[in-house]
Amino acid sequence: MTWSLVTKLAALAIVTTVGLSAQQMTKPEGLDPKALSLFHQPADVWPTYNGDYSGRRFSAITQINQKNIGELKTKWKYRITGIPPLRGSGPLIIKSTPLMVDGVLYFTIPDHVFAVDARTGKEKWRFDFEDHGGHVLGQRGVGMYGKWIYFLTPDGWFISLDSATGKERWRKKVSDEKLQYFTTMAAVIVKNHIIIGVGGDAMDVPGYLEARDPETGEMQWRWWSEPKKMGDPGSETWPNEQAMRHGGGMTWLPGTYDPQLNLIYWGTGNTNPVFAGQGRKGANLYTDSIVALNPDTGKMVWYFQGSPHDTHDWDNVETPVLFDMTIDGKPRKLLAQAARCGYFFVLDRTNGKYLVSKPFTKTGDWSKGVDERGQPIPDPDKEPKVDGSMVDVASNGATNWPPPSYSPQTGLFYVNATEGYSVAYLYDTSAEPEGYGGGSSGAFDTHSSLIALDVRNGDLKWKHIPKGQGAEGGGMSGGILTTASNLLFTGDSDRLAAFDAASGKIVWSEKLDGHVSNGPSTWVLDGKQNIIVGVGDTLYALTLTGE
């Protein structure tokens, strides 16, 4: 059923129910499409990975505030049982952000989907899948359209489930695990499109993003991370078609969407070969970029490349967060990203023009500054070398997949960062290297920190550095949630901590059974605000007084 037909039927339903009371009108089955919005998420639902289309992970709910947060207690815990450690990845870890619809939480680990009663933490159903390849390092969650759940398996199956029972509706193959593609992201629903992306570094395959039909699972369009042939826009940034068609640029984290502009914003991953760039001279578009696409056609409207000619495995997939702000007396539609390469970008989301392009951890010494578009200019002397090359970005990047947050109250962007230095090595010195071609090792003066950045200029507003084992823990972990009570929730070693979002002062913390492993979320059920957080193989629900 197309979205236009759904809209027409909804309009007909309104006409035929004129005069009926609100109680008499039939509630939409499953997730009401109206719950998916840019900024104004209903309090009684968490309908998509980031809570709303903006990626801000900001909630207007204020029941839990700085005056009563001392009463915040664990209400229930759900621990995953009966599943052995996944191959090659050790203990089970919840990295997904649960959706909450009609009192049920839906979340994942690789190969498994869980439905849990949001009131009690009791399991309602579980869907188990046996993969035949692909990586099982993580799974970000599910998407929901009406009563249907959408889930990606490690080996490239796109599966639709009935949200009431967990029964499989259909499955479609969307990537080839034999080419080392894998699929870990949470699907994003935009109108009648299910947007899904892929991962995969090992075999120098091109990245892509797809839209699938929610009723049939058939592909509606596919956008490739590289131009299809020489002569196409962007091909001038590649030396030849062979390098271009093996260039990477995976799309493995959920993006964001502006309904008014009708644009989706997506980050693309590192260029391949990963560390050996001598066979792909040029900027290598559209890898390591933020791209704005039309969700109905997959056509690109603009791009911004955060790490041109990447030779350090700095996927630019981190959430492109959308927000509105008045600057110089003019309302602006903006986008912000704290990128793995160590730069903080603020762009006009209507056209991709930059307002801020500035390092947010150390100096970004891998670059010589920025070009006229605000894109960093890589320094060839900082590329990986046989005897090593040091940069002032940690080996896994200045940040990674855990979601950041933006508060419209403070005007601050919050990210859990890693500060330090790393050394990158070149292993394959041939003219046409393949695979990784090198590696990064060594972690020098490295520590985690929670950073608050002013989106107007990229300046550091405040920073929290964990103080070792003890009351404030030993390292930041998981994603970030902010609320209209001027609270910020995130993981601080083995504690869930709440900070004053304006000042960075810790106002509350609770010791858990391990490190926060996902992005915290919040919603109201039966009149009570809940905070939901994953810790390894366990999901926690916290409320005031724990009731």
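Reader: Let's start with the nonpolar cores. Which residues have the most contacts inside the largest one?
Author: Happy to begin there. The largest nonpolar core of this predicted model has 122 residues. Apart from it lies another core of 12 residues, including Ala186 and Met250. Inside the largest core, the residues with the most contacts are Phe344 and Phe489.

Reader: Now to strand S31: how many of its residues are buried?
Author: Strand S31 spans residues 487-492 and is mostly covered. Leu487, Phe489 and Gly491 point one way from S31, while Leu488, Thr490 and Asp492 point the other way, and all are buried. The count of buried residues in S31 is therefore 6 of 6, with under 20% relative accessible area as the cut-off.

Reader: On the S30 side, which residue in the turn of the hairpin has a positive phi?
Author: Strand S30 (residues 476-483) pairs with S31 in the antiparallel sense over 5 bridges. Across that pairing, threonine 483 stands opposite leucine 487. The hairpin has 3 residues between the strands, and the residue in its turn with a positive phi, of about 60°, is asparagine 486.

Reader: And on the S32 side, which residue takes a positive phi?
Author: S31 and strand S32 (residues 495-500) pair in the antiparallel sense over 6 bridges. Here leucine 488 stands opposite phenylalanine 499 in S32. The hairpin of S31 and S32 has 2 residues between the strands, and a positive phi near 60° is taken by serine 493.

Reader: Is isoleucine 64 buried or exposed?
Author: Isoleucine 64 has its place in the loop between strand S1 (58-59) and strand S2 (72-79). Its contacts include Leu487 and Phe489, both of which belong to the residues pointing one way from S31. Because its relative accessible area is 1%, isoleucine 64 counts as buried.

Reader: How far apart in space are isoleucine 64 and phenylalanine 499?
Author: Phenylalanine 499 is the residue in S32 that stands opposite leucine 488. Isoleucine 64 and phenylalanine 499 are 435 residues apart in sequence. From C-alpha to C-alpha, their separation in space is 13 Å.

Reader: On to the rings. What kind of aromatic pair do tyrosine 286 and tyrosine 303 form?
Author: A ring pair is described by the distance of the centres and the angle of the planes. The count of aromatic pairs comes to 20. For tyrosine 286 and tyrosine 303, the centres are 5.1 Å apart and the planes stand at 70°. Planes over 60 degrees apart set the class, so this pair is edge-to-face.

Reader: Which of these two tyrosines is partly exposed?
Author: Tyrosine 286 lies in the loop between strand S16 (263-267) and strand S17 (289-293), and tyrosine 303 lies in strand S18 (residues 300-305). At 8% relative accessibility, tyrosine 286 counts as buried. With a relative accessible area of 22%, the partly exposed residue is tyrosine 303.

Reader: Last one: which arginine lies over the face of tryptophan 157?
Author: Two such placements can be described. Arginine 140 lies over the face of tryptophan 401, at 4.6 Å from the ring centre. Over the face of tryptophan 157, at 5.8 Å from the ring centre, lies arginine 171.

Note on methods: Residues numbered from 1 in each chain as written. Predicted model: local features only at pLDDT ≥ 70, side-chain atom pairs only at ≥ 80, totals over all residues. Heavy atoms only, no water. Core = buried A, V, L, I, M, F, W, Y, C linked by side-chain atoms within 4.5 Å. Buried < 20%, exposed > 50% of the residue type's maximum accessible area, 1.4 Å probe, protein only. Helix = DSSP H or I, 4+ residues; strand = E, 2+ residues; numbered from the N terminus. Pairing = 2+ DSSP bridges. Contact = heavy atoms within 4.5 Å. Phe/Tyr/Trp six-rings, centres within 6.5 Å; stacked < 30°, edge-to-face > 60°. Lys NZ or Arg CZ within 6 Å of the ring centre and 35° of its normal. Lists of a residue's contacts leave out its neighbours within four places in sequence.
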